[in-house]
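Please open the model in your viewer, keep a selection panel at hand, and follow the stops below in order.

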Amino acid sequence: MNHNKKTVPMIAERKNSLKKIVALTAFDYSFSRLIDTTDIDIILVGDSLSMVAMGHSTTLPVTMDEMIMYTSAVRRGCNNSLLVADMPFMSYQISNEQAITNAGRFIQEGGAQAVKLEGGTNIASRVHALTYLDIPVMGHIGITPQSINRHGKYQVRGKTFEDARKVKQDALALQDAGVFSIVLEGIYDDLAAEITQILKIPTIGIGAGVNCDGQILVLHDLLGLGMDSSPKFVKKYTNLANETKKAVNNYIQEVRDQTFPDANHSYNLKSEN
Ligand code: KIV
């Protein structure tokens, strides 16, 4: 047991704290290890890896086995932050039994401390089945990328009174079912602020304005390594795509003009004697 590692109750208690919860995704050991040395609270192995790490056009194709593989790699680098794993499309929709089996795999095989499920009133019974068995659940409402085929596009939620009412109902249903926090994705800021005020559990926003209890971003987006076009809520804090291309071009140049490898990067028997 690592006594420095953040826990689900520690995150839930932050509802009443002035310190915002800060979360990021990670998909591999190297980045997990790196960001885990910062003060980041939560590392999410998001199913966005289907697009970002695997090159699919949506989050739908990634499978349970693939998510477990990525989660266990991230787990090996995650010694301080809370590790949450995303349940992929069709890993919990069929039945409570299916949801329990697959969430259990994330805990046992992946080393996650909690799972995240997309949906509101429609998945409340799944959430209850998991939390009843001591598997902590993070909710995810608003834009739910696994519903792309129903909506046809990623549409910001809460524009009409009726839609805002539905989103609030989803938030309350998840809270009643026992989630310890809820991701609010792509929700008009006033509605996100109202939901944050109504709920007793923390909200973690992504495209939901400044009044949530915390924020999450996809690490690759923050680093400027994301998709060519990104949603309005993405902020690039650096441009590692340019830095990477620059480094690779320098390498190509030096190999071709034979300035690399130089003596400092070669083993030379004569100089050792
Ligand atoms: O899959 C993901 O990365 C997510 C975050 C955007 C919240 O669900």
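The tour goes from pockets to a helix and then to salt bridges.

Before selecting anything, note that this is a predicted model, in which local features need pLDDT of at least 70 and side-chain atom pairs count only at pLDDT 80 or more, while totals for chains, interfaces and linings use all residues. Residues are numbered from 1 along each chain as its sequence is written, and side-chain values use heavy atoms, with hydrogens and water left out.

**Stop one: the largest pocket**

Select Glu-185, Ile-206, Pro-231, Phe-233 and Val-234, which are the closest to the centre of the largest pocket among the 37 residues that line it. A pocket here is an open set of points on a 1 Å grid over the protein atoms alone, where a 1.4 Å probe fits and protein lies on both sides within 12 Å along at least five of seven lines, and lining residues have an atom within 4 Å of a point. The space in this largest pocket comes to about 890 Å³, a volume being the space filled by probe spheres set on the points, which are joined across faces, edges and corners.

Next, colour α3 (49-52), β6 (181-185) and β8 (214-217), each of which supplies at least two residues of the lining of the largest pocket; helices (H or I, at least four residues) and strands (E, at least two) are DSSP runs, numbered from the N terminus. Colouring the lining of the largest pocket by class gives 19 nonpolar, 10 polar and eight charged residues, where Ala, Val, Leu, Ile, Met, Phe, Trp, Tyr, Cys and Pro count as nonpolar, Asp, Glu, Lys and Arg as charged, and the others, Gly among them, as polar.

**Stop two: the second largest pocket**

Move to Gly-119, Gly-120, Asn-122, Ser-147 and Arg-150, which lie nearest the centre of the second largest pocket, one lined by 21 residues. Two or more residues of that lining come from each of β5 (137-142), α7 (148-151) and α8 (161-177), and α8 gives the largest share, three residues. The second largest pocket holds about 470 Å³ of space, and its lining has four nonpolar, 11 polar and six charged residues.

**Stop three: helix α9**

Select residues 189-198, helix α9, and highlight its buried residues, Leu-191, Ala-192, Ile-195 and Thr-196. They lie on the same side of α9, because they cover an arc of only 140° around the axis, the arc being that of the directions from the helix axis to the C-beta atoms. Buried means under 20% relative accessible area, exposed over 50% and partly exposed in between, with a 1.4 Å probe and protein chains only. Which elements do the buried residues of α9 pack against? They pack against α8, β6 and β7 (203-206), whereas the face turned away from the buried side carries the exposed residues Asp-190 and Gln-197.

**Stop four: salt bridges**

A salt bridge is a side-chain nitrogen of Lys or Arg within 4 Å of a carboxyl oxygen of Asp or Glu, and by this rule the count comes to 12. Select Lys-6 and Asp-41, whose closest N and O atoms are 3.3 Å apart in such a bridge. This pair links distant parts of the chain, 35 residues apart, with Lys-6 in the segment before α1 (8-13) and Asp-41 in the loop between α2 (29-36) and β2 (42-45). Lys-6 is buried at a relative accessible area of 16%, and Asp-41 is buried at 1%.

Finally, select Arg-105 and Asp-65, whose side chains meet in a salt bridge (2.9 Å, N to O).

Definitions and conventions. Contact means heavy atoms within 4.5 Å.
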